[in-house]
Amino acid sequence: MPATGGGAGSEAMKDAMRAAIPRGGAEMGQRSPRVVADRKASGGAGSLGSRAVPGALPMAPDPNHWRPSYGVAGQDVSAHQGNVDWASQWKQGSRFAYVKASEGNYYTNANFAQQYNGSRNVGMFRGAYHFAIPNWSSAADQARYFVANGGGWSGDGYTLPPVLDIEYNPYEGRTINGFYFGNVCYNFSAAQMVKWISDFGNTVWSLTGRYPVIYSTTDWWQRCTGNSDAFANYPLWIAAYPSSPSNTPGTLPASWGTFSFWQYSSTGPFQGDSNIWNGSTSQLQLFARSRDDSRGAIYNKWIASGGANGPLGAAKSTADICGLVNGGCYRAYANGNIYWNPATGAYPVIGTFWTAWGEAGWQTGLGYPTGDVTCPYGSAASTTCHQTFQTGTIYRTPNVGTFAVKNAYMPAWREANWQDGLGYPKGNVTCGLYGGGCYQPFTKGNIYWSSATGAHAVTGPYWDAWERAGFQPGIGYPTGAVSCGLYGGGCYQPFAKGNIYWSSTTGAHAVTGAYWNAWKEVGFQPAIGYPTGPVTCGLYGGGCYQPFAKGNIYWSSTTGAHAVTGAYWNAWKEVGFQPAIGYPTGPVTCGLYGGGCYQPFAKGNIYWSSTTGAHAVTGAYWNAWKEAGFQPAIGYPTSRVNCGLYGGGCYQAFSKGNIYWTSATGAHAVTEPYREAWRQAGWQMGKLGYPKAAAVSYLGYRTVRFEGGSMTWTSAGVTVTYS
């Protein structure tokens with residue numbers, strides 16, 4: 001049997017209230033235009049009883065009502081709206097719904113299931129609210145009643161936190177079954193009201209893990225709480241009804257600098273009251289799934305650090321301030337803040353570490369702290385200290401500063417040998433470099449990043465070489481760390497369009513593209529050593545070259561790049577470099593007759609043998625050499641072409657003879673026994689003049705014409721015949 005008689009907790013009093021109040025109980029927004037109009041129309045009482053309202057009621061009075069130009073649209077409903085057509089509300093643009101669950105400790109919404117579940121079934125976020133009657137029963141009693149009758153919460157991502165509707169007394173001045181409801185503030189003093197609200201919030205928090213959203217108006221809050229500023233860690237749902245389109249609810253109660261929800265209309269565009277969430281849909285989803293506070297973790301961390309006598313000093317916040325990125329909370333202290341996140345726990349961030357965190361983008365840039373400040377190498381005044389965060393670490397170095405190193409840059413720092421190789425950060429990441437790159441400066445170099453190459457350090461001589469090579473436009477971004485152990489103790493660092501090579505005797509220089517291919521072609525370091533300088537252009541015919549320890553690589557647009565070294569370079573010089581025989585067109589090739597080698601050039605070749613050295617053979621001289629039978633006939637060249645002979649002639653010496661040239665006769669070789677007969681006949685100055693064909697023994701017995709006669713070689717010797 002229900003209890004009879006007694007106070008507000010008795011069943012008789014509850015029954016009396018249920019019979020006396022309007023059919024849907026007190027409506028949210030007691031001073032809203034719709035509720036005021038309804039009260040006047042019903043003579044002040046409304047339909048009595050708390051029964052469910054059957055069926056679906058018509059749409060809002062003003063479905064075309066103006067809306068704020070930002071936020072996520074939503075609504076709140078109670079039994080006064082009956083069974084809501086949620087599909088139509090969704091079609092109109094509503095994306096969340098708060099549903100009245102309870103009032104006092106005597107009323108529950110008989111339409112709650114249809115409204116709460118129906119809104120979710122069409123895809124809305126949904127939550128429940130409680131209409132508080134503070135002087136009816138204790139805050140804890142009403143909070144437990146609320147949570148037990150639909151006011152619970154779970155972090156499923158679509159259930160919104162519970163709401164405390166604390167506002168104008170709907171039963172102001174009335175006495176029901178002997179209970180006097182008092183004035184607009186329920187006959188509470190401001191101190192009594194603040195304590196009641198706090199007790200309600202703490203009880204809801206203990207039952208659900210969320211502090212309730214506080215629904216109220218600025219006017220009521222000022223009148224009935226003394227404009228308390230003690231509830232900053234509670235989200236605010238402000239009620240204000242501008243008569244014309246507006247994007248602001250006006251002045252907020254003292255506890256809040258911003259609002260989470262705004263009830264801006266009671267007449268449309270949606271059924272019930274129309275609201276906005278002050279943020280994006282993704283932020284609303286985060287709000288729906290995040291717990292409210294650290295459950296004592298922040299406070300316990302402060303106490304463990306020494307409390308007010310510790311490094312953080314006295315508390316400036318007496319409760320967790322939540323709603324930060326990814327469900328975080330913090331409390332402020334005299335010398336810094338303690339931040340908490342469900343994934344990281346609670347850690348203080350103070351001084352320059354707090355500043356560096358801000359420069360790195362706060363939680364969105366570096367996440368939450370995951371540890372305390374640590375100084376592993378000595379005192380904070382003389383060594384570097386660091387604090388770890390979810391996606392990076394902040395370092396403070398004396399005389400350098402405090403800067404964050406994000407996890408994306410950590411592997412590059414590690415591969416550069418950490419502090420020993422690169423030092424400590426001396427600045428933040430800066431982006432906007434060539435090709436969309438970024439970099440972070442360290443005391444001994446920089447780390448560079450691009451989307452294609454990742455992050456890698458460039459230091460000392462490698463940075464200087466990169467500068468000489470034209471930085472990113474020249475050889476791109478680094479693609480790896482410095483690697484050593486190359487031939488002769490060398491090292492290199494790879495870049496997107498080439499490598500930088502270093503040795504103790506040559507320093508660091510880049511080798512790229514065609515020059516790298518030419519270096520490979522010639523045999524890399526064992527052949528011509530390490531580069532000793534950058535590519536230099538402006539040579540004859542538009543050519544370029546890069547110097548190496550044992551030779552140079554030359555390039556032209558028509559020949560490509562090839563190395564010229566040692567004896568071949570001397571022979572090239574001897575003959576007159578590019579104007580004489582052009583640029584090299586290939587590498588040195590060996591395996592010729594008698595162990596010889598040659599290197600091709602655009603206008604001739606340079607030939608080498610161990611007994612003759614290297615000399616160029618070009619044009620008519622090469623043709624004459626071919627005519628005579630090449631090396632088997634007259635050997636390898638032993639000199640360059642020499643002119644100034646009788647009659648304007650020239651010659652080139654070979655190991656078994658010479659090739660002679662005049663403009664009239666062209667070039668032809670002369671070897672023994674022809675040469676001796678020619679000498680006896682007076683060389684060029686004699687009647688025979690210059691040869692007009694090859695006079696070489698390699699071609700066998702034959703007659704060779706000269707300008708003034710001929711020579712015939714037989715087994716009997718050489719016979720000279722004059723014309």
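In helix α10 (residues 351–359), the buried residues include F353, A356 and W357. Buried means under 20% relative accessible area, exposed means over 50%, and partly exposed lies in between (1.4 Å probe, protein chains only). These three sit on the same side of α10, because they cover an arc of only 105° around the axis. That arc is taken from the directions from the helix axis to the C-beta atoms. An α-helix has 3.6 residues a turn, so residues three or four places apart point the same way.

The buried residues of α10 pack against β14 (336–341), β15 (345–350), α11 (362–366), β16 (385–389), β17 (392–397) and β18 (401–406). Contact here means heavy atoms within 4.5 Å. Helices (H or I, at least four residues) and strands (E, at least two) are DSSP runs, numbered from the N terminus. Just after α10, G361 takes a positive phi of about 105°.

## About the model

This is a predicted model: local features need pLDDT of at least 70, side-chain atom pairs count only at pLDDT 80 or more, and totals for chains, interfaces and linings use all residues. Residues are numbered from 1 along each chain as its sequence is written, and side-chain values use heavy atoms, with hydrogens and water left out.

## T402 in strand β18

T402 belongs to strand β18. T402 is buried, with a relative accessible area of 9%. Its side chain makes a polar contact with the side chain of T352, at 3.0 Å. A polar contact is a pair of N or O atoms within 3.5 Å; within protein, one must be able to donate a hydrogen and the other to accept it, and residues adjacent in sequence count only if both atoms are side-chain atoms.

Leaving out residues up to four places away in sequence, T402 touches T352, F353, A356, E359, I394, Y395 and R396.

Helix α5 (residues 139–148) has A139, Q142, A143, Y145, F146 and V147 as its buried residues. They pack against β2 (96–103), β3 (107–108), β4 (125–131), β5 (163–165) and α6. Just after α5, G150 takes a positive phi of about 110°.

Helix α6 (residues 190–208) packs with helix α7 (residues 218–225) at an angle of about 115°, and their axes are 7 Å apart. The two helices are therefore roughly perpendicular to each other. Angles of 65 to 115 degrees get that label; those under 35 count as roughly parallel, those over 145 as roughly antiparallel, and the rest as oblique. Axes are lines fitted to C-alpha atoms, for helices over the stretch in contact, and angles run from 0 to 180 degrees between N-to-C directions. On the α6 side are A190, M193, V194 and I197; they meet W220, W221, C224 and T225 in α7.

## Backbone exceptions

Most residues other than glycine have a negative phi, and most peptide bonds are trans. W418 has a positive phi of about 50° although it is not a glycine. W418 lies in helix α13 (residues 418–422) and is partly exposed at 32% relative accessibility. F471 also has a positive phi of about 50° without being a glycine. F471 lies in helix α15 (residues 471–475) and is partly exposed at 23%.

The peptide bond from G268 to P269 is cis, with omega near 15°. P269 sits in the loop between β10 (261–265) and β11 (273–277). Another cis bond joins E672 and P673, with omega about 0°. P673 lies in the loop between β38 (666–670) and α22 (674–680).
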